[in-house]
Amino acid sequence: MTLSQPPKSKANLIVEDDRTGLKVETLRRALADNLFYLQGKFPDIATKNDYYMALAYTVRDRLLQRWLATTQTYLQKNVRIVCYLSAEFLVGPHLGNNLINLGIWDQVEQAVSESGLNLKELIAQEEEPGLGNGGLGRLAACYMDSLANLEIPAIGYGIRYEFGIFDQEIRDGWQVEITDKWLQYGNPWEIARPEQSVNVKFGGYTEGYTDDQGNYKVRWVPEYVVKGIPYDTPILGYKVNTANTMRLWKSEACESFDFYKFNVGDYYGAVNDKVGSENLTKVLYPNDEPIQGKELRLQQQYFFVSCSLQDMIRIHMVDGDSIETFADKFTAQLNDTHPSVGVAELMRILIDEHHLDWDKAWEITKKTFAYTNHTLLPEALEKWSLDIFGRILPRHLEIIYEINQRFLDQVRIKYPGDDGKLSRLSLIDDSGEKYVRMANLACVGSYAINGVAALHSELVKSTILRDFYELSPEKFSNKTNGVTPRRWMVLSNPRLSDLITAKIGENWINSLDELKKLENFVNDAGFRQQWREIKQAIKQDLAAYTEKKVGITVNPESIFDIQVKRIHEYKRQHLNVLHIITLYNRIKQNPNLDITPRTFFFGGKAAPGYFMAKLIIKLITSVGDVVNNDPDVRDRLKVVFLPDYNVTFGQRVYPAADLSEQISTAGKEASGTGNMKFSLNGALTIGTLDGANVEIREEVGAENFFLFGLKTDEVDQLKAQGYNPRDYYNSNLELKAVLDLISSGFFSHGDYTLFQPLVDNLLYDDPYLLLADYQSYIDCQDQVSQAYRDQDNWTRMSILNVARMGKFSSDRSIQDYCDDIWQAQPVKIKLEPYIQGNAGLKVK
C-alpha cells in the first residue's frame, strides 16, 4: 500500500498550514508527514495502526489550534469555570466524533481514500478508552461534549486508568473478564503535562503546633506521598471553536528508583515505591469485597480529587488572584458520591496550607461544590469505616468530625430534642460499626443538590435525603439527564441523520427540539417508506455482525427486541428471559402457533464479584442454546448475547432496535440514558414508570409507549403489606411452568442445581418484584407483537418517538445546570487566520 502524493504544481506552492488546513490536498500532506515524522514509518512497513495514528495526529492538530485558543481565551478573560469531577469518563473512541464536530468528515474521507486507505477501517482500529462502568461515565462524557458545544468554560477531572473496565468474553455461557489494554499501542489524543504534577499525601498521623501568631494549627505527617501526573485530552464542541480540557490523573512514585537498595542487592525494593504508587491508577474500580479493594477505591477517589483541587487553585492563583475569591472563579460538580471527599480536602487545603480561619474556609467550600445524586440504591451512597478512612486520611477524618459537630449544633437548634433526625443527618453513622457517610458529607458541603430525572428527584427528597431536604429545601432541584445527538445520532446513525437533515435541515444537531418538525412528515407515505428502509438496512448490518461475532443467524424481518445495559438484578434482565421462556413454552405446546418472530439481543457486563448478575448471563446464554437449536421453534425466536458492551457496541446496536427494554423495578433506576438513545434512534419502549421513562412517555405520548408494571407507590405498598412471591407462582400457570422448567435442569443439561440460586431468590425473596410484574409484562409484550404486525403504524410511532425527543439532549441538561446551579456563561473563542509570514515563533 502506498500513500501517493498529489502532483506538484505551482499552485501547490501556495498552501494552507499543514497543521490546520482543511483542504483535501493539505490533509493528505499532513497524513503523509505524520506517518513519516511521528510514527517513523514509510508505507512499505506501516501497519494499519500506524495509519490510524497518523490520521489521529492529523485530526488532533486541527483540535490543538482550537484547544490552545480556548485555553488562552479563558486565561485572558478570567472566566468562571465549571469543573466536572467524575471517577469515570466513558468517552468512547475519539476519531469519528472529532471528525463530526470539526465538520470535516467528507474531506478526510476523500483524503484517506485518495491515499489508498479506508476511513471506516481506520476508525475501527482505535482502542476504546474503557474509563467507566456504564451510565455514570457515559453521562460525564455527554456532558463534556455539551459543555464545549455550548461554549461553557469547563474542565473534566478524573482518573487515567491504565487498564479500564474489563473486556468481556463469553466462554461456555459464562462471563470471563479480560484485561483492557487500551493504552498498549499509545493514545494519540492525550498530552502529558508532567510539569504540572502535584503531590498527594496518604496515611501517617497529625500533630498540633502553634504558629508565629500564636494560633493553633495542625500538621499532617504522611506515611507516603504519591505524585499525580495530568494527561490532557481536548473535548471539542460541534462546529464551534471551543475545545475544553478533560484532565485525567496518573499516579507515579515521587522517587521511582532507590539506588541504595539496588546497590545492596534489594532489586525489588529498589522499585517498590514505583510499583506501589502506580497501582493506584492501574485499574478502574477493583472488586471491592476484600478490605484491600475498599482501601484502594478510597485511595483512588481521594487521589484524583486532591490532584484536581490543587490544580484548580494553581490555575486560580497563577495571575495573583486571592484564594478568598476561589469560589467566584470555579464551581465543582460532584458526579455522585465518589468525589465527595473533596469537601474535606478543600477545607484541609484552605486551613492547613493557606491558613484561612475555619469560617472563611467553610464559606468558600460551600460556595464551590454542587452534588448530583445518581441513585436510590444503598450501595451507591458510599460509606467508609472509620478504621479505613482514618488510616488512609487521618487529617480529613479530624476535619469531618469538626464539620459534623458544627453542623449538628445547628440541627439541634432547629430540631431540639429530635435525636432521630440528628442521627440520620450525622456525617458519622454510629449505629454499629462506625462509618463516614459520603453522601451526607456531600449534602452538607454543597450549595446545590440535584437528582437526574423528575421521579428520581422527588424520591430523593422523600426517601434517602429527606432530612436534608427538610433542612435546606432551597438546595434541591431536578436536572433530567440527556445524551449528545452528535455521537448518538450523527456518528452512530448517519443514514437516519441524513434523512432527517434532508427534511428539516441540520439545525437539529445543535437544537434537538427542531426534531419536532418531523411530525409534519409522519403522514407522508414516501417518508415512512424511506424510514422503514433505513431501519431495515441497519438491522441487516446488525444481523451480519451477529453472525460474524457469535455465529448466530438471525432474521432481520423479526422484531429486534434489545436490552443492553449493566447486568443487575434491579434492571431485571431475567424478567426478559422469563418472557422468552413463556413464548418458547407456547410454541412447544402448539408448534404451529402464529407468533410474531422476535430476536432478543442482550448485552452488558456484570461486576466481577456479583455472582447473581453473572448467573443471569449464564441463564440468558443457556436459554439461547436451547431456543436457537430447537427445530420446533423454526427460527421464530432467537436469543443472542453480544459480548463486550461498550460505547462502540452501543453505536452499533441502538440504531438497529425496534423495541427498547427499560424494565427496571419502579423506583430503582435514577434516570437511565440508554432509554433516551434507543428512542432517539426510533425504537419504541416497553417499560415501567421508572427513571426517565416517565418523562419519555410524557414527551412521546402514552400511545407510543408500551407501559407495564407496578408504579413506585404500588411497589412500596405491596412490600409494606408483606410481599409473598410464591402467591404469584402458585396462581399463575404460565409463570409456574417457566420457573419449573428452569428448576428442572432443562436449560442446564440436566443440572437442576445450576440456576437454583436464581429461582430460589425469586420464589422466596424477589426483592425486585419480577413475579409481581410478570403477567403485566407478558400482556404488554403480546400487545407489542400485535402492534408490530402493522408496519405502517409502527413506523409512525417510531417517527414520533424521534420527533419528540428534543428534551433529552445533554445540551438542554447542561443549559439547565448553567442557568440554575453554576451561573456559568458562554465564552466565544476566536481563531486567528493563518498568515504564513506570521507563522514563526515570537517569544515576548
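## Close-up views of a predicted model

**View 1. S457 and the residues around it.** Leaving aside residues up to four places away in sequence, S457 touches G451, V452, S477 and N478. Please keep in mind, here and in every view below, that this is a predicted model. S457 belongs to helix α18, which covers residues 454-462. Is S457 buried or exposed? With a relative accessible area of 6%, S457 is buried, because the cut-off for that word is under 20%.

**View 2. Strand β20 beside strand β19.** Strand β19 (residues 598-603) runs parallel to β20, and 5 bridges join the two. To find your place in this pair, look for F600, whose bridge partner in β20 is V639. In a regular strand the side chains alternate between the two faces of the sheet. Both faces of β20 are covered: on one side L637, V639 and F641 are buried, and on the other K638 and V640 are buried too. With 5 of its 5 residues buried, β20 is largely enclosed by the rest of the structure.

View 3. Strand β18 takes in residues 559-564 and strand β21 residues 659-662; they run parallel and are joined by 2 bridges. A handy landmark is I562, which has S660 as its bridge partner in β21.

**View 4. A hairpin made by β7 and β8.** In this view the strands run antiparallel: 6 bridges join β7 (residues 205-210) to β8 (residues 216-221). Look for G208, which stands opposite V218 in β8. Between the two strands of this hairpin there are 5 residues, and G214 in the turn has a positive phi of about 85 degrees.

**View 5. Two loop residues with a positive phi.** Most residues other than glycine have a negative phi. N78 has a positive phi, near 55 degrees, and sits in the loop between α2 and β1 (81-85). N78 counts as partly exposed because its relative accessibility is 45%. D635 also has a positive phi, near 65 degrees, and you can find D635 in the loop between α24 (611-627) and β20 (637-641). How exposed is D635? Its relative accessible area is 48%, so D635 is partly exposed.

View 6. F36, Y37, L38, F42 and I45 make a nonpolar surface patch of about 560 Å². Where is F42 placed? Look in the loop between α1 (24-37) and α2 (48-77). F42 has a relative accessibility of 40%, which means that F42 counts as partly exposed.

How values were computed. Residues are numbered from 1 along each chain as its sequence is written. This is a predicted model: local features need pLDDT of at least 70, side-chain atom pairs count only at pLDDT 80 or more; totals for chains, interfaces and linings use all residues. Side-chain values use heavy atoms; hydrogens and water are left out. Patches are made of residues with over 30% relative accessible area and no salt bridge: like charges are joined within 9 Å, nonpolar side chains (Val, Leu, Ile, Met, Phe, Trp, Tyr) within 5 Å. Accessible areas come from the Shrake-Rupley method with a 1.4 Å probe; for residues, only the protein chains shown count as cover. A salt bridge is a side-chain nitrogen of Lys or Arg within 4 Å of a carboxyl oxygen of Asp or Glu. Helices (H or I, at least four residues) and strands (E, at least two) are DSSP runs, numbered from the N terminus. Buried means under 20% relative accessible area, exposed over 50%, partly exposed in between (1.4 Å probe, protein chains only). Two strands pair if DSSP finds at least two bridges between them. Contact means heavy atoms within 4.5 Å.
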